[in-house]
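Trainee: Please take me through one part closely: the strand pairing. Then place it in its surroundings.

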Amino acid sequence: MIFIDLAVRNLRRHKVRSILATVGIVIGVVAIASLGIMGSSLSTLVGGMVSDVSDTVLVTPHLAASSGDPFDPRSALAASISTKNVGLIEKAAGEHRAVPMFVASARLRVRDTSGYATIYAVPAADIPFLIEREAGLYPQGRSSGVMVGSLLADEFDLHPGSRIEVGGESVRVLGIASERGMGIDINPDYAIIVTEDWYTERHGPQDYSRVIVKVSDLSAIEDVKAAIDQQINRRSEVVDILDSREILELYYETIDAINIFLLGIGGVSLLVASVSILNVMIISVTERTAEIGLMRSIGARKREVLRMFLYESLILGVVGSVVGGIISAVVAYYASASIGDLFADFSVSGEAGIPLSVVIGYVAFAMAFGIGTSVVAGFYPAWKAAQLNPIEALRYE
Amino acid sequence: MSGEPILRFAEVSKIYPLPAGDVVALDRVTLTVDPGEFIAVMGPSGSGKSTLLNLMGCLDVPTSGEIYLSGQEISQMSDDDLTRLRRDRIGFVFQQFNLIPLLSAVENVEFPLVLTAGREESRLRAIEVMRAVHLNDALFTHRPAELSGGEQQRVAIARALVNDPDLLLCDEPTGNLDSKTGSAIMEILAAENREGKTVVMVTHDPGVAAYARRTIRIVDGRVA
C-alpha cells in the first residue's frame, strides 16, 4: 500500500520527532502495565494475608463517630462491651459459640530486644477453640504461662519453655500457635495469647473489647446478626456487628480503589503521550498541506488521505506499545519482586509471584490502550487533512 | 458518441463570497472543448484563468451553470465522484511541478494508478510513459529533489498521462523553466496532442500559447 509507504517514509524523514513521540507512548504503556501489575500483586498479597474465615461474626463496641470500618482510626479509641452485654450476646448467639476477649498491648522483651506486642486475653476454655496449636500446650486457668503467635516465635526463636518478659514480668512460653494469617477477628501470628484470668489478675476486671461469634452453619450468619442486634441495639447503637464477608468486601474495596488510582496515574501519562502524538501529527499535516492538495487533485480520496495520516499515528502507537510492552514486562517482574520483599514478613504462604496470565493481561491491556490512544490522537489531524480544500491546499506555501 | 465535446460550459459562474463583497471570478462563461483540441487560455492575472482551469479539472464546482465532462454533468457530484473523475479522466500539470517529495520519480508517476490498480502493472505503465516523455531510465529511482526543473516537469507530465486521461490540464507548465527547457516541455505536450490527447493550458506567455491551435482569452471573468 502506497499510503503505508508514505506514512513510514514520513516518520523516517523526521526521525527525532517520531522517536520522541514514540517515547511518550512507551512511558505511558510502561506506566499503565507496571502499575496495574503492581496493584494486582498487592491485592494478591493482601488476599493471601486475609484468611478467609467466613464463619465469623465480629461484635465490636459502637462508637458514635465510627464508620464501622476496621481501618478507621477512630476504631482504635477505647471502648468496650460490658459483661452484661456479653451475656446478652451469648444468649442471642444461642447454640453458636460466643467468645469475649480483651485486646491490649504490652511491652515485650525477649533477651536484649524489646518492643510492643498485641495481647489477646481469651477465656481459657475458648483458646483451643479459637487458635490452633503448633507446639507445646494451651494455657490453662490461672497458669502464668502464655502462648505466642508463630511468626513472633520464629522471629525470636521461641519454643515451649522459653522465657519472655511481658509488661516487665518474666513468663514462660507454654505453646506456639499455628500460623493463621491476617484474620478479621484476631491476628495472633505476631501476638501473645493469654487466658482471661491471667489478664484480670494483673489488670483487674475489665469490660471486653470484642466478642467473636463462630457460627456452626454459614446460613445462620444473618440470623445471629439480627438476634444480637435485637438484643442489644434496641434502644441505641451499642455494638457494631460485622461478618467476615462484609469485612472482606471492605478489604477488597480498598484494594480496588488503590488499583484504580494506580491505573489512573498510568492513564494520565498515556494521555500526555497522546497529546504529543496529536502535536506531531498536526505539525506533519501542516507542513504537508501542499502535498495533500496535490494528492487530492490527482485523485486521492478524502478517506485515503485520512488513512495515510492514521497509519502514521498507528505506527507510532504500535512501535511505542510494543517497546513499552517489553519494558513493562521486565519492570513488572522486578517491581513485583520488590513488593514481595516488602510484604514478605506478613505474607502467609510466601507466594508473592504474580501469575503469568495477570502480567500478560495487563501488558496486553496497556498495549491496546497505547495503540488506541495513538489512533484517537491521530484522528483529528488526519480528519483535518482529509477535509482540506485541494485548491487552497495546493497553493499553501 | 464521437461528436460529443470533452467539455462543455453552459453559463458557468463562480462567485467567491468575501466579507468585503462577493468576487465574481467567472461570469456566465459558455464554451466547449472538442476531442483533440490544444487550447491556450490567456488573460491578465486575476482574470479568472485559474478558476476556469479548476472547474475544468473537477477541483471545484460552479456557483451556477452547468459543466459537462464527456456529457456528464459534474456540478452536483459528490466529492468522492469528483475525485474519481480527476483520478481517471484528467491529468494535471502544475507550474510548481508538485511532485511528492517522499516518493521516487517512478513512484510519483505511478501514484494515480496504484490508487486503483496493482503495483506491478502500474510500475510497467509508469516506465512506459516516462520513456515516452524522454526521461532517462537512470532517473527513475531519484527523488524529486535530485532532479532538475525540466526533469521534474517531465515526471509531472508522465504522471498526468499515466492514467491515459481524456483531458490534460496544464497551469503555466513552463512558468518555472528557462526558455530552452520550456520549449522541450512544450514539444512533449504538442506531441501528446498530435497523438490525440486533448490539452488545455493556462499561460500568459504568447510564445508558449503559439503551440496551441486555439486561444481563449479571459478578461474579468468573461470569455473575450
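Mentor: Start with the rule for pairing: two strands pair if DSSP finds at least two bridges between them. The model is predicted, so local features need pLDDT of at least 70 and side-chain atom pairs count only at pLDDT 80 or more, while totals for chains, interfaces and linings use all residues. Residues are numbered from 1 along each chain as its sequence is written, and chains are lettered from A and ligands numbered from 1 in the order in which they are written.

Take chain B. Its secondary structure comes to seven helices and ten strands. Look at the open sheet of four strands. Its order is β2-β1-β4-β5, and the pairing is antiparallel. The edges are β2 (23-33) and β5 (72-73) of chain B; each has a single partner strand, so one side of each is left without a neighbour in the sheet.

Now go through the pairs. β1(B), residues 7-16, runs antiparallel to β2(B), joined by seven bridges. Within that pair, V12(B) has V29(B) as its bridge partner. β1(B) also pairs with β4(B), residues 64-69, again in the antiparallel sense, over five bridges. There, R8(B) is bridged to Y68(B). Next, two bridges join β4(B) to β5(B), which run antiparallel. Y68(B) turns up again: in β5(B), E73(B) stands opposite. These two strands form a hairpin with two residues between them, and S70(B) takes a positive phi near 45°.

Chain A has its own set of pairs, built on β2(A), residues 97-110. With β9(A), residues 210-214, β2(A) pairs in the antiparallel sense over five bridges. P100(A) has V211(A) as bridge partner there. With β3(A), residues 113-122, the pairing is antiparallel over nine bridges. β2(A) and β3(A) make a hairpin with two residues between them, and R111(A) in the turn has a positive phi of about 50°. With β6(A), residues 163-166, β2(A) pairs in the antiparallel sense over two bridges. L108(A) is bridged to V166(A).

A residue counts as buried if 20 or more other C-beta atoms, placed from the backbone, lie within 10 Å of its own; 12 or fewer makes it exposed, and anything in between is partly exposed. By that count, 46% of the 224 residues in chain B are buried. Helix α1(B), residues 49-56, is mostly covered: eight of its eight residues are buried. Among them are K49(B), S50(B) and N54(B). After α1(B) comes C58(B), with a positive phi near 60°.

Next, the packing. A nonpolar core is a set of buried Ala, Val, Leu, Ile, Met, Phe, Trp, Tyr and Cys residues joined through C-beta atoms within 7 Å. The largest has 116 residues, and V41(B) and A158(B) touch the most other members. Two residues are in contact if their C-beta atoms, placed from the backbone, lie within 7 Å. Leaving aside neighbours within four places in sequence, A158(B) is in contact with V109(B), V129(B), M130(B), V133(B) and L135(B). Another core lies apart from it, with 52 residues, including L58(A), I176(A), V215(A) and I232(A).

Overall dimensions of chain B: the C-alpha atoms fill a box of roughly 50 × 40 × 35 Å along the principal axes. The radius of gyration is taken over C-alpha atoms, and the globule rule is 2.2 Å times the number of residues to the power 0.38. For 224 residues a compact globule would come near 17 Å, and chain B has 17 Å, which agrees. Among its contacts between residues at least 6 apart in sequence, 70% join residues at least 24 apart.

Last, the two chains meet. 17 residues of chain A are in contact with 17 residues of chain B. On the chain A side, the elements giving two or more residues are α1 (2-13), α9 (289-297), α10 (302-343) and α12 (390-395). α1(A) gives the most, with five residues.
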